[in-house]
Amino acid sequence: MGWGAFSAGTLAVLAYVAQMVIGLGMPTWLFWLIVGIGCLATLATVWLANRRVTTANEAAKAATKNQRRAFEDVLVPLASNLGEIVSSSTKAERVALQQQTKQAIVSLTATLIGPPDARACFLEQVPGTAAGHREVKCRNSLWSGRNVAPVTTFRETDLRGKELLKLLDDGTSTFVEDVDKLPDALKPDSDTYKTYIACAVTVGNESFGILAVDCLRPGDLHKDDVTMVGVFARMLGVALAVKK
């Protein structure tokens with residue numbers, strides 16, 4: 001904060017107090033005492049506001065640094081996993097690495113998207129199901145975050161499952177800011193979450209499932225988070241597309 005802010009505050013107080021006391025016939029010393037107190041109060045307010053801004057900036061920098069460290073801690077081994085999947089010599093080795101990658105990306109999504117109580121899961125498309133009766137299912141406990149398990153199966157025969165499978169077919173994503181604003185048929189069966197993001201995990205014409213993250217309160221997730229979840233979904237799709 002520079003002298004400009006102090007000067008502006010002082011002049012504002014002088015002008016305001018002068019308008020109030022002019023013509024009241026009070027002693028000169030009392031007039032200047034009131035002005036001085038007003039100036040000090042204004043300068044203190046400006047200083048405190050600047051201090052709050054500085055503290056907020058420092059907190060934001062610290063959060064960014066911590067987030068970057070978390071990215072590095074997870075993305076470095078994840079990138080290594082992707083390389084090993086591509087170069088794996090046997091199917092068994094490749095499948096094991098792909099499973100590790102699924103869990104790593106689910107954990108990364110839960111850790112870095114939303115507040116600490118966020119929850120993420122990977123809903124895999126169940127193979128061998130006929131059109132109109134398809135399913136996406138959270139298999140092998142592929143979820144991470146707060147200690148409440150998510151709904152594990154969505155079926156195309158239900159409206160909610162149908163919407164998710166359409167999202168998968170289209171290779172798109174959705175963000176629901178507040179589930180209470182959804183039509184009754186699309187609302188969750190419980191109050192275990194109030195907002196969510198779901199992104200299709202696809203590569204080219206291949207579809208693998210849905211990467212989803214949910215939180216307890218409306219406002220915990222934002223539109224900007226959709227892009228990041230989409231990046232994780234694309235990374236997962238690339239890992240699962242390797243079938244040599």
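Which residue's side chain does Lys102 meet in a salt bridge? The close-ups below come from a predicted model, and the first one shows the partner.

**View 1. Lys102 pairs up with Glu124.** The two side chains form a salt bridge, 2.7 Å from N to O.

**View 2. Asp214 meets Arg119 across two strands.** Here the N to O distance in the salt bridge is 3.1 Å. Because Asp214 belongs to strand β7 (residues 206-215) and Arg119 to strand β1, the pair ties together parts 95 residues apart in sequence. Both ends are tucked away: Asp214 is buried at 8% relative accessible area, and Arg119 is buried at 1%.

**View 3. Asp189 reaches Arg160.** The closest N and O atoms of this salt bridge are 3.5 Å apart. Asp189 is in the loop between β5 and β6, while Arg160 is in helix α4 (residues 159-170), 29 residues away. Asp189 is exposed, at 69%, whereas Arg160 is buried, at 15%.

**View 4. Asp178 is buried without a salt bridge.** This residue is in the loop between β5 (173-176) and β6 (195-203). Lys181, the nearest side chain of opposite charge, is 4.8 Å away, and the salt-bridge cut-off is 4 Å. A polar atom of the Asp178 side chain does lie 3.0 Å from the backbone nitrogen of Asp180. Further along the sequence, Asp178 touches Lys194 and Pro218.

Notes:
Residues are numbered from 1 along each chain as its sequence is written. This is a predicted model: local features need pLDDT of at least 70, side-chain atom pairs count only at pLDDT 80 or more; totals for chains, interfaces and linings use all residues. Side-chain values use heavy atoms; hydrogens and water are left out. Helices (H or I, at least four residues) and strands (E, at least two) are DSSP runs, numbered from the N terminus. Buried means under 20% relative accessible area, exposed over 50%, partly exposed in between (1.4 Å probe, protein chains only). Lys and Arg count as positive and Asp and Glu as negative; His and the chain ends are not counted. A polar contact is a pair of N or O atoms within 3.5 Å; within protein, one must be able to donate a hydrogen and the other to accept it, and residues adjacent in sequence count only if both atoms are side-chain atoms. Contact means heavy atoms within 4.5 Å. Lists of a residue's contacts leave out its neighbours within four places in sequence.
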